[in-house]
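This briefing concerns the packing of secondary-structure elements and the arrangement of domains. Please view the structure below before reading the points that follow.

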Amino acid sequence: MTDNDVIVAEGVVKTYDDSGVPVHAIRGIDYTLAKGEFTAIIGPSGSGKTTFLNVLAGLDTPTEGEVWLSGKLISDMSGKELSDFRRDHIGFIFQAYNLFPVLTAEENVEYVMLLQGIPPGERHERVMAILKKVGIAEYAGRLPMQLSGGQQQRVAVARAMVSRPSLVIADEPTANLDSKTSGALLDMMRRLNEETGVTFLFSTHDEIVMKRARKIVVLRDGKIDGKASLEDC
Amino acid sequence: MFIRLVKFAWKIIWRNGRRTVITGLAVGLGLGSMMFTEALMQGMAAHMIQTTTESWMGDAQIHRDGFPDTRNINLTINRLDSMLSMLDGDSTVSSFTARILSPASVTSTTELKPVTLIGVDSKTDPEVTMLEAAVDTGSYLSGESTEIIIGYKLADDLNAGLGDVIIITVAQADSGLSSSMFFVSGICRFGSDNLDRYSAFVNLTTAGVMLGIPGEIHEIAVQFPQAEMGADISLGFRRKFTAFSNTALGWPELAPQVGSMLSMVNISMAIMAAILFGLVVFGIVNSLFMSVFERMYEFGVMKAVGTRTGTISTMVILEAFWIAVISTVMGSAIGLLIIWITTGTGISFGEIEVSGIIFDKPIYPVLRLSRIWLYPLFTLILTTAAGIYPGIHAGRLNPAEAMRKSL
């Protein structure tokens, strides 16, 4: 692992055995993600995209193999260490329903900083700055149900970015958005990537998203099938 | 952070307001009914004590040692004058009256029945007992040596009415027999089988002469400002008047069946409270688990962004706390309202007899001040504690699994 790498995964295997029948979601992946990248993981349904992202983010533990994130071996961390590590180093954007419905947009974005123990004044300042950056500062006081799908995902992006993580992981961020909104959301994420240098790794099977990725990783049957820049595709 | 969690939990419980209100109402009804039942039981207990002490017994009694067990008519109060002057000077005593008690037989023109002949001081007795008030036909004792008051059941048994002649026969202190003729001057109705069927009341002097113990007595019935003082063994009264071979006893020792009934009431209440609070706990656990399962994805997201296990558990417990607060407020309001209404109207059970005590008047619930906060506090603590299990479950969810299973 070099200083330039955000993620290094070595021989990662993930097998589920919930119903007594083993399901091999990931079948031995070696992968390195460099700082500042804007990479999409693509593949058909059931190819293991979400599982791979979960393992890389420390949301799930690999059955075999090791995952290094920002120089730390996360596959061996305790639950509490992992929790704190994710809070401080990783931003998350999920498909949908990932905002807390009873909190306003501002409170949703503020939440992670609350966990970090950042003082109220600084929290408010940073929340408003990031909401302005994602273009929804005027909706700060609204509840998620009062926002459109695109606006909700912008709040999710703001929440992922506000804690200044080294990596943002997005699982199908445009899955519930129309193509125009998806394009605008990806453009905004790409702009944030360029402005802040934060690494973005997202799974998708949306062509609009793929076109905006700087690198693409193809997963098939739990294995990396190919790696290519968009130009190569 | 904790304050924010408290606010967060408050907002969460109103996401499904209907469920929160129904859960709160269910717990609240339990609490309210518990408070009301307890107050009703206290009302019944107060009625029992009142019936026992005010009708006849008094709050405490003084006897010569051994008299309560043997009923030996020779065991009269020792150093009576000293005892009476001590009672006169005792500030804890409201009033007292002297009595003579003896087994006797009563004969009418057609029947013969065993009774207890009771000689009462017609001047002081009304300050302690309900005898005067219990006379519903005829008149109270005026001091005439031939007058006698009998209960309505005894009157029925003897086929005797007002003005009829009856003969009382007693064994005297010197082992002789004494019979006297009396005219029924009053018929009383106490609501107690013992007094209405097996007692006959004459003047104290008359009884003393019949028994051959003039100027002596067997029993002093004492009344305190509050009946509870009769049960208070820490009160100096018992020490002070257990003297000169005499013993002072409170109503719990004099009427142990009442004490047993009160203990049974307390045990019943404890069992009922345990069952009710158990149901409350399971109800809350069920409701919170439903809420937790509905929010699996949300908990997954919370954990993903770095919320610690303890924080999530605390939040669920705080949700339980808020439901507890709502339940407690609703339950206390329901309970106090029902108690307030029934305290005014009373609850009539018709005429039932429990342990020889007849409940023929409405029972008025009695709310003990300690219960205004004790039961609600129990509800608050137990309902909040019911959040611990679902809270731990929610806190331990694996974020990836929680999101995977809820999609």
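Helix axes are lines fitted to C-alpha atoms over the stretch in contact, and the angles between them run from 0 to 180 degrees between N-to-C directions. The model is a predicted one. In chain A, helix α4 crosses helix α5 (residues 149–162) at roughly 130°, and their axes come within 9 Å. Helix α4 (residues 120–133) of chain A also packs with helix α3 (residues 105–116) of chain A.

**Packing of α4(A) with α5(A)**

- Angles of 65 to 115 degrees count as roughly perpendicular and those over 145 as roughly antiparallel, and α4(A) and α5(A) are therefore oblique to each other.
- The crossing of these two helices, α4(A) and α5(A), has a right-handed sense.
- On the α4(A) side the contact involves A:Arg126, A:Val127, A:Ile130 and A:Leu131, which meet A:Ala158, A:Met161 and A:Val162 of α5(A).
- Six residues of this contact between α4(A) and α5(A) are nonpolar and one is charged, with no polar residue.

**Packing of α3(A) with α4(A)**

- The axes of α3(A) and α4(A) lie 9 Å apart, and the helices pack at an angle of about 130°.
- That angle makes α3(A) oblique to α4(A).
- Here, too, the crossing of α3(A) and α4(A) is right-handed.
- Helix α3(A) contributes A:Glu106, A:Val109, A:Glu110, A:Met113 and A:Leu114 to the contact, while α4(A) contributes A:Arg123, A:His124, A:Arg126, A:Val127, A:Met128, A:Ile130 and A:Leu131.
- By class, the contact of α3(A) with α4(A) comprises seven nonpolar residues, four charged residues and one polar residue.

**Sheet of chain A and the helix across it**

- Chain A has an open sheet of four strands with antiparallel pairing, in the order β2-β1-β4-β5.
- Nine bridges link strand β1 (residues 5–16) of chain A to β2(A) in the antiparallel sense.
- A:Val12 is placed opposite A:Ile29 of β2(A).
- Helix α1 (residues 49–56) of chain A lies across β1, β2 and β4 (64–69) of chain A and runs at about 55° to β2(A).

**Domains of chain B**

- For chain B, the domain assignment gives domain 1 as 2–52 + 258–405 and domain 2 as 60–223.
- A distance of 52 Å separates the C-alpha centres of domain 1 and domain 2 of chain B.

How values were computed: Residues numbered from 1 in each chain as written. Chains lettered and ligands numbered in written order. Predicted model: local features only at pLDDT ≥ 70, side-chain atom pairs only at ≥ 80, totals over all residues. Heavy atoms only, no water. Parallel < 35°, antiparallel > 145°, perpendicular 65-115°, else oblique. Left-handed = near helix turned anticlockwise from the far one by under 90°. Contact = heavy atoms within 4.5 Å. Nonpolar A, V, L, I, M, F, W, Y, C, P; charged D, E, K, R; others polar. Domains from an automatic or database assignment. Pairing = 2+ DSSP bridges.
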